[in-house]
Amino acid sequence: MTSHKLIAFALFSMILVSCNKEEKPKVIYENKVDQQEVEYQKIDSTEIKIADLPIHITGTNYIVHPIGDVRVYNSSSGKSGSSKTNRISYTISNYSYPEITGYLNNLMFQHKDSLSMHSLTDNRMQINTVTYLDKLSNPDKKILVYTLVDKDTNRDGKYDSNDIQSLYISNIDGSKFTKLTEELHELVDWNVIDVKNRLYFRSIEDINKNGAFDSDDSINYFYVDLLSDDWKPQPYNPMQ
């Protein structure tokens with residue numbers, strides 16, 4: 001077989017394998033019906049959680065305690081045929097001002113002059129990032145923005161990157177914890193324009209209800225006035 005035929009055959013094989021490989025959907029619709037009223041799963045009080053050492057968010061009066069799970073990783077010695085061993089990590093989060101990242105289930109908030117603490121949420125979540133907005137024009141407005149998974153949208157029993165990621169916001173003490181993205185909309189990205197005190201974000205809607213987010217779906221644009229009391233997302237269209 002000539003070289004160009006070999007290349008053509010290899011390309012055909014790759015395309016065939018790609019076509020046969022089914023992409024795992026991020027959403028499994030119950031009875032193929034989009035159910036906007038989704039019940040949030042409550043935290044299981046019997047699960048064993050641990051906390052990282054507390055983090056003082058620079059420029060604020062609040063300390064946060066990241067809460068999460070002990071993480072177990074499989075590893076091997078590198079020798080062929082050797083048995084795998086488990087490596088345990090007790091690290092839940094990383095802090096690099098003004099952002100906390102990691103695999104958090106919750107946050108406990110504590111004023112620096114108080115011994116009492118309170119939790120961010122009673123619902124089960126995987127929080128990936130917590131960002132302090134430190135450049136707002138009103139110094140009295142101290143706000144945190146969260147990217148997280150709040151529902152097991154693919155119904156595999158886990159809260160992870162294979163589920164829909166959502167955008168939330170709260171005051172610096174964790175109060176007024178508010179979801180910004182619409183139900184079953186996947187967060188694309190977000191940023192803050194300080195001179196306008198606005199948070200802009202994009203989300204994608206699974207309009208064909210195939211459970212995946214792809215080029216056939218719709219991108220939606222919103223902004224939130226961070227100095228307002230209700231933080232209600234306002235739709236806008238930058239292409240008009």
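This report covers the overall make-up of a predicted model, the setting of Thr 60 and the pairing of strand E7.

## Basis

The model is predicted: local features need pLDDT of at least 70, side-chain atom pairs count only at pLDDT 80 or more, and totals for chains, interfaces and linings use all residues. Residues are numbered from 1 along each chain as its sequence is written, and side-chain values use heavy atoms, with hydrogens and water left out.

## Overall make-up

The protein chain has one helix and 17 strands (DSSP runs numbered from the N terminus: helices H or I, at least four residues; strands E, at least two). Of its 240 residues, 37% are buried (under 20% relative accessible area, 1.4 Å probe, protein chains only).

Among contacts (heavy atoms within 4.5 Å) with a separation of 6 or more, 49% are between residues 24 or more positions apart.

## Thr 60

Thr 60 sits in the loop between strand E2 (55–56) and strand E3 (62–68). Thr 60 counts as buried because its relative accessibility is 6%. A polar atom of its side chain lies 2.8 Å from the backbone oxygen of Ile 57. Leaving aside residues up to four places away in sequence, Thr 60 touches Tyr 132, Lys 142 and Ile 172.

## Strand E7

Two residues separate E6 and E7 in a hairpin.

Notes: Buried < 20%, exposed > 50% of the residue type's maximum accessible area, 1.4 Å probe, protein only. Polar contact = N/O pair within 3.5 Å; in protein donor to acceptor, adjacent residues only side chain to side chain. Pairing = 2+ DSSP bridges.
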